[in-house]
Every structure is written in C-alpha cells, then in structure tokens.
Amino acid sequence: MKRSRLSWWLPILAPAWLWAGEPRLELVWPTPNTAYAEGKPIETYVQATASGDPASGLFGCARSGGHQFHEGLDLKPIKRDARGESIDDILAAMPGVVRHINNRAGESNYGRYIVIEHAEVQPPVYSLYAHLSAVVPGIKAGDAVKAGQVIATMGRTSGGGTIPRDRAHLHFEIGLMLTRQFQSWYAWKKFGSRNEQGLYNGMNLMGIDALDFFTQFRARRVTGLVDYFAQLPLVARVRVATKVVPDLVQRYPQLLTAEIPLGGVAGWEIKVSATGLPYAWKPLSSVDVIGYRADEVRFSEVDAEALRRCRCKSIAVLKRGQYQPGRDLETMLQLVLGLR
Ligand SMILES: [Zn+2]
C-alpha cells in the first residue's frame, strides 16, 4: 500500500517538463570550474576586465559604468601550464552540430572561436566559445557533438587588442542568429572590411544572459529555452507594417505567439528585451496596421523604467513626446526584416 501512496504524490512533485513530454534539456557548464555549481560568488568563476570588477565579465550593461554592452559571459580558468597559460577544457554546453570554426585568430574580436547550433533544442539556439587557444584536433564544421564533449582549450586569442595571460578566459554566448541575409546587410553598411565569418559574424548573433538562463534552469523556474524566452522582461513592444516573413521566425517558430496566416502577413508585433532581442513575434493582419505607411514602426508599449535602466542599448528614444526606434532597435530591424 505504501507504493500506491507514493504514486499518488509523484505526479504532484514532478516538474513541469515531465508533463510536457519533452526530454529534459541537457545543459552543461562550459568549463571544468565547479564554483558556479557549488553556489560560490561570481569572482570564483567570472573573469573581470582590467577594472578588476567581476561584474564586468557578466552579460549586459556590464562595462564603462554601465554604458558598454558585453554580449557574453567571461569565465576564468582554473588550470594553467608551467608558463601560466590557461589549459582548461572547453565543453559543449548542449548537444548540437558544429557550424563554424574560426581558426584565424587575428580575423575576429572573438579570436579563435567555435559556434555550435543546437538543432534538437527548442528553439535551436547557438552557443559560442571564443578566445580559444586551440580547437580539439579533428573537430570540424558539420560534426555532431554531445553535451559536455570537449571541443577546445581555453585561451586568450583576439583579433582586436590582446588579452593578457592573467586574464585568459572563455567568452561564452547562447543566443539567436538574426538573419540568413547577413551578407547583404553587411555590404549595405559599407564597413570597409571583409566579413570573414559569414553568418557567424558576431553582429549576426544576438546573445541572451547565459548565466541567468543556467540559474533559472537549475532552479527549475524554466524548463528550457522556450520558457526562458517567454519570461524575458519586455522593454518595448513594436508594430511594424511589412509583408516580409523573416527567416528568423521560420528558423525559430517557437518565438511565434500565433500561426502565420495562410494569406500572409501585413505586419508584426514584436516584443523586444532590454538588450534588443526580438523574443516574441505576433503576425498582424491588414486591419491591425490600418493607417501605417509601408515599413512604418510604431511603439505599442514601452516600459519607461526598464528603458531608463538599460543604458548601453538604444531601443527607444523620445522625440517630441513620441517614442522613435533607437539605434540598436533600428539595426535589429534592418537585419531581421530588411528595413533599410
Ligand atoms: Zn567576453
């Protein structure tokens, strides 16, 4: 009888992911440092910039007094060789397929880096591992990797400036690829230098706060990334009058809050996070955008307080009492919807 009593309780105690019928996401910390898992303070695993402030290695408005954005999490080494170089293994955070390896360290601010696409994860986010000293021999684009598989060695390679030996670290990102039309945007911008990284250029990869995701996942406040995206705090909700169906929503249909009507769309209502991430997409019909000019962008909601706190990204600016797209929102819309 004890058994049946237990089985009465089990469903109540079971976490939501069992109900969803989906396998639990395999999520692995990307370095061998166990400090985070042990609940130790951030200085035991986050690498600070020259400022010495560990918070400068976190994701977000972490630098230059909150005015400079850092799109990743910088993790420090725990192992060094006789010359003091970091030798920590770098591990794939989730199962996936290697999509990009840049072995010419001088050609990117990321230095030598790897991008993995997590095709089995919902939505199929990428993870990125930068400043590597070496990639495990034999690993190449197209290879499937398991969660926790060693893919590289931590280092301090960087195309822009040098990272001193004592600040070697892994720059780690989880995020979304904005567009498959990146090259046309890049050419339009006339940067004056070649795009050496194709779709895996950092400007086309938009990160989330990976540490926050790990923490919420471990605490079972979210069951995976679909949940995580859905609970992101909104800074602005914008409506855009366009018939374009961006490849972003085709690649990440999990971000759609309603199905795309068979007759096509007349616009989108997009929820934007403090870092400019377009994390929820609602298709609009022609009735929803009556009175809009083609490609017009209007704000349907702005969290003024959240906007004030976000000092390193320009999402919305007030002009004559009206919100207009800020620089970073404009860039995102150029990339994702082709508004140029
Ligand atoms: Zn970094």
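**Reading a loop residue and a zinc site**

User: Where does asparagine 195 sit in the chain?

Analyst: Asparagine 195 is in the loop between α3 (182-189) and β12 (205-207). Keep in mind that this is a predicted model.

User: Is asparagine 195 buried or exposed?

Analyst: The general idea is a cut-off: under 20% relative accessible area, a residue is called buried. Asparagine 195 has 10% relative accessibility, so it counts as buried.

User: Which polar contacts does the side chain of asparagine 195 make?

Analyst: Here we look for pairs of N or O atoms within 3.5 Å. The side chain of asparagine 195 reaches the backbone oxygen of glycine 198 at 3.2 Å. It also makes a polar contact with the side chain of asparagine 201, at 3.1 Å. Setting aside neighbours within four places in sequence, asparagine 195 is in contact with Phe182, Gln183, Tyr186 and Asn201.

User: Now the metal. Which residues are the protein donors of the zinc ion?

Analyst: To read a metal site, look for N, O and S atoms within 2.8 Å of the metal. In this model, the zinc ion has His70 (NE2), Asp74 (OD) and His171 (ND1) as its protein donors, lying 2.1 Å from it.

User: What spacing do the donors of the zinc ion follow along the chain?

Analyst: Their spacing is H-x3-D-x96-H. Aspartate 74 belongs to strand β3 (residues 73-75) and histidine 171 to strand β11 (residues 170-177), so this pair ties together parts that are 97 residues apart in sequence.

User: What are the relative accessible areas of aspartate 74 and histidine 171?

Analyst: Use the cut-off again: aspartate 74 is buried, at 4%, and histidine 171 is buried too, at 7%.

Conventions. Residues numbered from 1 in each chain as written. Predicted model: local features only at pLDDT ≥ 70, side-chain atom pairs only at ≥ 80, totals over all residues. Heavy atoms only, no water. Donors = N, O, S within 2.8 Å, 3.2 Å for Na, K, Ca; no water. Helix = DSSP H or I, 4+ residues; strand = E, 2+ residues; numbered from the N terminus. Buried < 20%, exposed > 50% of the residue type's maximum accessible area, 1.4 Å probe, protein only. Polar contact = N/O pair within 3.5 Å; in protein donor to acceptor, adjacent residues only side chain to side chain. Contact = heavy atoms within 4.5 Å.
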